[in-house]
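Subject: Structure handover and notes

Hello,

Please find the structure below, followed by notes on what was found in it.

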Amino acid sequence: MKIAVYGGAQPKPGDDVYQQGILLGQWIGENGHTVLTGGYMGIMEAVSQGAAEKGGHVIGVTCLELEEWRNAKANRWVKEEWKLPTLRERLWTILSNSDLGIAMPGGAGTLAEISMLWNHQIIGILPNSPIIVVGDGWHKMFEVFYSHLGKYIADHDRHHLHFADDVKQAIQIAEQYAKTTAISS
């Protein structure tokens with residue numbers, strides 16, 4: 001299974017969320033899955049490190065626009081880099097080449113990734129699979145979203161989002177999904 005992991009670029013080694021990213025990556029690698037990330041620092045690096053250390057395949061989907069803006073290169077754990085010209089192409093490439101999406105804590109970019117994946121599943125451009133959002137921050141944000149704008153989201157479209165308190169719960173959701181599908185790495 002190809003698992004896309006989204007998350008902020010800000011976490012550093014030693015931060016709790018960075019360590020959670022390493023644990024998630026380790027589970028991905030240990031179970032023979034491939035991880036796709038944005039390929040740079042923070043959560044992307046942590047998940048890449050964990051997966052690589054456990055023998056998993058790590059694809060970093062990078063882009064020239066970000067590299068020019070941030071002066072960044074793919075993290076050292078990336079085994080296969082897919083470099084694209086634009087952020088838009090990068091986002092679509094990650095979304096359309098993964099079987100499952102997991103969103104760790106992050107900012108506007110991570111929210112955009114969650115929203116695009118969710119919307120593309122709702123309208124049938126991408127196949128249905130769980131979108132696992134990890135952490136209390138996402139849960140609270142979507143509670144507010146549903147309470148104020150919920151009339152714009154059909155009840156049957158809410159089932160795409162799966163809320164996990166932590167990485168362990170996210171892994172349980174991902175394992176259940178893997179058992180019920182015929183997707184392999």
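Leaving aside its neighbours within four places in sequence, Ala170 is in contact with Ile132, Val134 and Ala164, where contact means heavy atoms within 4.5 Å. Ala170 belongs to helix 7, which covers residues 167-180; helices here are DSSP runs of H or I with at least four residues, strands are runs of E with at least two, and both are numbered from the N terminus. Ala170 has a relative accessible area of 1% and is therefore buried (buried is under 20%, exposed over 50%, and partly exposed in between, with a 1.4 Å probe and protein chains only).

Two points on the source apply throughout. This is a predicted model, in which local features need pLDDT of at least 70 and side-chain atom pairs count only at pLDDT 80 or more, while totals for chains, interfaces and linings use all residues. Residues are numbered from 1 along each chain as its sequence is written, and side-chain values use heavy atoms, with hydrogens and water left out.

Helix 7 and helix 1

Helix 7 packs with helix 1 (residues 16-30) at an angle of about 25 degrees, and their axes are 10 Å apart. Axes are lines fitted to C-alpha atoms, for helices over the stretch in contact, and angles run from 0 to 180 degrees between N-to-C directions. Helix 1 and helix 7 are therefore roughly parallel to each other (under 35 degrees is roughly parallel, over 145 roughly antiparallel, 65 to 115 roughly perpendicular, and the rest oblique). Helix 1 passes helix 7 in a right-handed crossing; a crossing is right-handed if the near helix is turned clockwise from the far one by less than a right angle, and left-handed if anticlockwise. On the helix 1 side are Gln20, Leu23, Leu24 and Trp27, which meet Val167, Ile171, Ala174 and Glu175 of helix 7. The contact of helix 1 with helix 7 consists of six nonpolar residues, one polar and one charged. For these classes, Ala, Val, Leu, Ile, Met, Phe, Trp, Tyr, Cys and Pro count as nonpolar, Asp, Glu, Lys and Arg as charged, and the others, Gly among them, as polar.

Helix 5 and its two partners

Helix 5 (residues 108-122) packs with helix 4 (residues 87-96) at about 55 degrees, with the axes 11 Å apart. That angle makes helix 4 oblique to helix 5. Helix 4 passes helix 5 in a right-handed crossing. From helix 4, Leu91, Trp92 and Leu95 meet Glu113, Met116, Leu117 and His120 in helix 5. By class, the residues of this contact are five nonpolar, one polar and one charged.

With helix 6 (residues 136-149), helix 5 makes an angle of about 55 degrees, the axes lying 13 Å apart. Helix 5 and helix 6 are therefore oblique to each other, and helix 5 passes helix 6 in a right-handed crossing. Thr110, Leu111, Ile114 and Trp118 of helix 5 meet Trp138, Met141, Phe142, Phe145 and Tyr146 of helix 6. The contact of helix 5 with helix 6 has eight nonpolar residues, one polar and no charged ones.

Leaving aside neighbours within four places in sequence, the contacts of Trp118 include Ile131, Ile153, Asp157, Arg158, His160 and Leu161. Trp118 and Gly101 are 17 residues apart in sequence, and their C-alpha atoms are 9.8 Å apart.

Arg88 lies in helix 4 and is exposed, with a relative accessible area of 74%. Arg88 and Cys63 are 25 residues apart in sequence and 9.2 Å apart, C-alpha to C-alpha.

Ser98 sits in the loop between helix 4 and strand 5 (100-103). At 15% relative accessibility, Ser98 counts as buried. A polar atom of the Ser98 side chain lies 3.2 Å from the backbone oxygen of Ile94, and the side chain of Ser98 also reaches the backbone oxygen of Leu95 at 3.4 Å. Leaving aside neighbours within four places in sequence, Ser98 is in contact with Lys2, Ala4 and Tyr6.

Asn71 is in the loop between helix 3 (64-70) and strand 4 (80-84). Its relative accessible area is 71%, so Asn71 is exposed. Phi of Asn71 is near 55 degrees, a positive value in a residue other than glycine. Most residues other than glycine have a negative phi.

Regards

Conventions. Polar contact = N/O pair within 3.5 Å; in protein donor to acceptor, adjacent residues only side chain to side chain.
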